[in-house]
Amino acid sequence: MKSYLAPLGSKADKDTVRRHNLSLVLRAVRDEGESGEATRAGVSARVGLTRAAVSSLVEQLLDSGFVTESGKTFSGQAGRPGTALKVARTGPAGLGVEINIDYVSVCVVDLAGTGRVRQTEHLDNRGAPPEEVLARAAGIAARTLDSAREQDLSPVGTALALPGLVSGGSVRQAPNLGWNQVAAEEMFARALAGLRPGTAALPVRSENEANLAALAELWFGGLDTVRSFLYLTGEIGVGGALVLDGELLRGAHGFAGEIGHVVVDPEGPECRCGSRGCLEQYAGQSALLRAAGIDEAAGGAAGVMELERRAQAGDPVTLAAVADAGRMLGQVLSGAVNLFDPDAVVLGGIYRGLMPWLSPPADEELTGRVVSGLWSRGGGRLRASSVAGDAARGAAALVVQDVLADPVAYAGPAAADV
């Protein structure tokens with residue numbers, strides 16, 4: 001973190017410090033509010049600023065609409081009672097849009113990280129022109145924005161969660177969508193502005209969907225003290241992300257985590273990425289449905305529900321298909337665990353519902369292959385993702401993180417004077 005202990009020789013320096021301190025206080029109000037009630041005194045103790053400085057910053061956040069206060073709160077200690085502070089449930093928010101192979105999900109998250117609006121449509125996006133897919137997503141986003149405004153929420157930015165190699169606002173490659181060098185941010189922004197002219201200035205950013213799902217798991221999931229984990233999401237493709245000490249590992253070019261294209265059999269089935277025998281050809285949604293004898297044409301979500309139903313009923317073909325996928329997952333995951341030594345491996349997407357049958361063979365492979373000997377079958381290091389850990393929510397929360405990092409940049413003109 002940048003140090004602000006140097007002598008302040010200009011107004012610009014002072015403005016920078018005040019903006020930084022506004023962010024500290026706003027984050028403290030949010031964090032304190034998660035575990036109880038935040039007060040000026042509590043925030044002061046948390047961030048290490050004087051009570052007078054915190055009070056001044058809180059007043060600015062109140063005037064800007066980022067924070068609200070309610071009645072008196074009593075700490076049981078001597079002194080005057082304080083007023084309870086909370087981040088506002090109206091005003092600035094984040095819009096997250098997940099575009100996957102067989103669905104689009106849109107989510108609005110408020111400053112507290114609470115999902116306030118959600119719309120999901122199951123669509124077959126395979127083979128469709130990128131402009132058409134992004135226009136569909138923009139239409140769902142526009143309706144979601146209308147619902148958000150009914151709750152007095154004003155999204156200040158959009159983040160796209162995309163299944164592929166994402167860099168510089170474009171999708172370099174998304175094999176299961178058939179996309180190559182697609183200017184996704186530009187296309188989406190243009191489509192949304194065409195539907196809602198007032199959104200023309202709404203900034204759009206993009207990120208790999210597995211990365212955003214992993215961040216959602218970190219921020220909202222049930223990981224407790226776990227700060228280093230490997231996240232794997234099973235959809236039609238298999239995506240991965242690695243979080244180390246609470247930070248997403250992106251790699252030199254932003255493409256880290258493509259575990260679905262780790263080759264498990266060089267002579268195996270041809271993959272859409274151009275290689276052969278990739279993990280997703282054995283453990284992806286399509287591969288699992290085929291191995292279980294379930295017709296994919298029935299629809300992705302319906303097929304997965306049928307897969308789970310047959311597994312619960314003890315269908316031997318389905319159980320064998322899931323067990324084989326679990327073994328393949330365990331073999332590939334063991335290599336990643338040996339390389340990065342995470343505290344846990346978290347399985348999301350379709351794997352979450354299949355954990356009772358998928359995890360035993362995967363856990364067995366990990367136990368036998370992790371060289372440290374620290375992995376033990378049933379030891380709790382292989383776990384299902386939480387319901388909260390999804391890419392659309394992670395995308396929306398990414399926008400909120402920008403607001404928390406610099407609230408002045410998202411305040412009205414009257415509140416921007418620091």
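Buried means under 20% relative accessible area, exposed means over 50%, and partly exposed lies in between, using a 1.4 Å probe and protein chains only. By that scale R250, at 34% relative accessibility, counts as partly exposed.

This is a predicted model: local features need pLDDT of at least 70, side-chain atom pairs count only at pLDDT 80 or more, and totals for chains, interfaces and linings use all residues. Residues are numbered from 1 along each chain as its sequence is written, and side-chain values use heavy atoms, with hydrogens and water left out.

**Salt bridges**

The structure holds 21 salt bridges. The term covers a side-chain nitrogen of Lys or Arg within 4 Å of a carboxyl oxygen of Asp or Glu. Side chains of opposite charge can pair when their charged atoms come close.

| Pair | N to O distance |
|---|---|
| R190 and E186 | 3.4 Å |
| E207 and R250 | 2.1 Å |
| R310 and E306 | 2.8 Å |

Helices (H or I, at least four residues) and strands (E, at least two) are DSSP runs, numbered from the N terminus.

The E207 and R250 side chains meet in a salt bridge. E207 sits in strand β10 (residues 204–208), while R250 is in the loop between β13 (247–248) and α7, so the pair ties together parts that are 43 residues apart in sequence. E207 is buried, with a relative accessible area of 8%.

R190 and E186 both belong to helix α5 (residues 184–195). They are 4 residues apart, about one turn of the helix. E186 counts as exposed, at 51% relative accessibility.

R310 and E306 are likewise 4 residues apart, in helix α9, and about one helical turn separates them. An α-helix has 3.6 residues a turn, so residues three or four places apart point the same way. R310 is partly exposed at 23% relative accessible area. E306 is partly exposed too, at 21%. Elsewhere, salt bridges that share partners join R30, D31, E32 and R46 into one network.

**Helix α8**

How many of the 8 residues of α8 are buried? The count is 6, and the helix (residues 285–292) is mostly covered. The buried residues are Q285, S286, A287, L288, L289 and A292. Their cover includes α7 (280–283), α9 (300–312), α10 (316–340) and α11 (350–369). Helix α9 also holds the R310 and E306 pair. Just after α8, G293 takes a positive phi of about 75°.

Definitions and conventions. Contact means heavy atoms within 4.5 Å.
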